Amino acid sequence: MRFSSLLCVAAASVATACFARQPDQGVSSFDAAASSVAQRARETPPRRARNVILFIGDGMGISTITAARILEGQLRGGDGEGNRLSFEEFPASALVRTYSANQQVSDSAPTATAMLTGWRANDMALSVAPAVAVDEADAAVIAPHVLPTLLERAEQRGLATGVVTTTRITHATPASTYAHTPNRDWEYAGQLPPGATLPDIAAQLVQRQRTGNGIEVVLGGGRESMLPVEMADPEYPDRRGRRRDGRNLINEWLEAQPGSTFVWNREQLLAAGDGPLLGLFEPSHMRYEADRSKDRAGEPSLAEMTRVAIARLRKQRKGYFLMVEGGRIDHGHHAGNAYRALTDTIAFSDAVRAATEAVDARDTLILVTADHSHTLTIGGYPARGNPILGLVRGPGATAPERDAQGRPYTTLSYANGPGFNIVEGNIDEAPRRPAAAGRDRDLSDVDTTAAGFHQQSLVPLAGETHGGEDVALFARGPGSELVRGSIAQNEIFHIARRALGL
Ligand SMILES: [Zn+2]
């Protein structure tokens, strides 16, 4: 790919970033999104915000929002269909087009990159321009294509910053805020190809402590990416780090700034003093909300992490940028397990509610969106109040509806995924049965509302895939004037950037 012009922007410690314009498309994806946001700003001048919080429900498509809304209402013993998730009360909303530079249906790396940098990127790429090949591991080749992120821009302007997630902190969505790599799978040393000069994602997290005054709050999972193989995990002594370069990045993160604290369980988090805070609560991803140990030595909820992050960031004089990800909604869906996807969506909604209660609506823009959808569908003609995870029963009917083969079916199903076969039990170790079992499956005696049930799917795949239709964006606070109509995903960057004056 060649470029007609390069617009270079100084980005301390990220190297000088040059924005690539793609001549074939006339105008770059960055400029196109900027001009469409500018057009809306001329029509309705937006207010400026002191703080911006970007909530990303990973894989939280619109069918997921609908199903989670109904499940939450039903779990409370009330009207499911009439219920509202916290962010559905926000005054502004828009539809968001999520395709990436090279894919119709996107992965989480380019979609997060779109929201964090304003650029459409390639599948697998984190905050680097599409000109970089996915296997390019030469730091010097990548440097001109590094795309500065909202978090880095905020740090350079003296704002406080935070990253909160339920996945590994080195996973695609959180990593897009601080790392620049064409391959999201290069999370720790040992995963990069031989001879690579590009630092792994975990090492870039430590490197980012030299941008501005460093990230103030980092909370999530993923201790194993930060610790060397020689070292035991603090919570599970039989598990070890995964790094093959001997580095202990937790210590390096702490050493980068005096007064920093590292915590690895809920009790330590709630007791942590001032100063930069690194909290890593599992070796890999944190648990699903459905599986989370709620005692004090267990893991914090996403809402608790959000509260802690805001309480620390709001003390900063110049405002803050915070990204909060409900990262495992996506994982529940990939496993074809709507129960865990939806209960994590409810936990995500709780985290948004915690934020709305903790901030001043007059000075804080809250954006709530998804990076991409999934293939979850809500079908049949179930009666009002029918369990959303249950078999389809029509109004007044006691027996379930039957399909063309005379078998009952569920309201929720997936277009593809492991549910083609009979899959039960813990989704992290889902048993596989021959594909023929899916055709013969009869749900008459199956509790489809159980946590371990995997919804049926049409196309047999080991992992269910993302969906390509638009997702929703909900907004509240100054800057939400620009959230309306149908927008491109990378416009979210420009909306947040304008709100903060970056
Ligand atoms: Zn995914």
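**Helices, sheets and domains**

Author: Let us begin with a helix pair: H1 and H14 cross in a right-handed manner. Right-handed means that the near helix is turned clockwise from the far one, and left-handed that it is turned anticlockwise by less than a right angle. Helices (H or I, at least four residues) and strands (E, at least two) are DSSP runs, numbered from the N terminus.

Reader: Before we go on, what kind of model is this?

Author: This is a predicted model, in which local features need pLDDT of at least 70 and side-chain atom pairs count only at pLDDT 80 or more, while totals for chains, interfaces and linings use all residues. Residues are numbered from 1 along each chain as its sequence is written.

Reader: Back to the helices, then. At what angle do H1 and H14 pack?

Author: Helix H1 (residues 29-43) packs against helix H14 (residues 491-500) at about 55°, and their axes are 8 Å apart. This angle makes H1 oblique to H14. Axes are lines fitted to C-alpha atoms, for helices over the stretch in contact, and angles run from 0 to 180 degrees between N-to-C directions. Under 35 degrees counts as roughly parallel, over 145 as roughly antiparallel, 65 to 115 as roughly perpendicular, and the rest as oblique.

Reader: Which residues make that contact?

Author: From H1 come Ala 33, Ala 34, Ser 36, Val 37 and Ala 41, and from H14 come Glu 491, His 494, Ile 495 and Arg 498. Contact here requires C-beta atoms, placed from the backbone, within 7 Å. By class, the contact of H1 with H14 has five nonpolar, two polar and two charged residues. Ala, Val, Leu, Ile, Met, Phe, Trp, Tyr, Cys and Pro count as nonpolar, Asp, Glu, Lys and Arg as charged, and the others, Gly among them, as polar.

Reader: And H10 with H12, at what angle do their axes cross?

Author: The axes of helix H10 (residues 302-313) and H12 cross at roughly 25° and come within 8 Å. That makes H10 roughly parallel to H12. The crossing of H10 and H12 is right-handed. Leu 302, Ala 303, Thr 306, Arg 307 and Ile 310 of H10 meet a group in H12 that includes Ala 347, Phe 348 and Asp 350. By class, the contact of H10 with H12 has nine nonpolar, one polar and two charged residues.

Reader: Changing topic: in what order do the ten strands of the open sheet stand?

Author: The order is S7-S8-S6-S5-S9-S3-S10-S16-S4-S17, with mixed pairing. Strands pair if DSSP finds at least two bridges between them.

Reader: How many bridges join S4 to S17?

Author: Three bridges join strand S4 (residues 92-97) to S17, and the two run parallel. Leu 95 stands opposite Ser 486 in S17.

Reader: What about the sheet of three strands; what is its order?

Author: That open sheet has the order S12-S13-S14 and mixed pairing. Strand S12 (376-378) and strand S14 (457-460) are the edges with a single partner strand each, so one side of each has no neighbour in the sheet. The twist averages 20° from one strand to the next. Strand S13 (residues 412-417) pairs with S14 in the parallel sense over three bridges, and Tyr 414 stands opposite Ser 457 in S14. H2 lies across S12 and S13, at about 55° to S12.

Reader: Last topic: how far apart are the centres of domain 1 and domain 2?

Author: Their C-alpha centres lie 32 Å apart. The contact takes 15 residues from domain 1 and 22 residues from domain 2. Helix H2 (62-75) and helix H12 (338-358) are the elements giving two or more residues to the side of domain 1 that touches domain 2, and H2 gives the most, with four residues. Domain bounds come from an automatic or database domain assignment.

Note on methods
Two residues are in contact if their C-beta atoms, placed from the backbone, lie within 7 Å.
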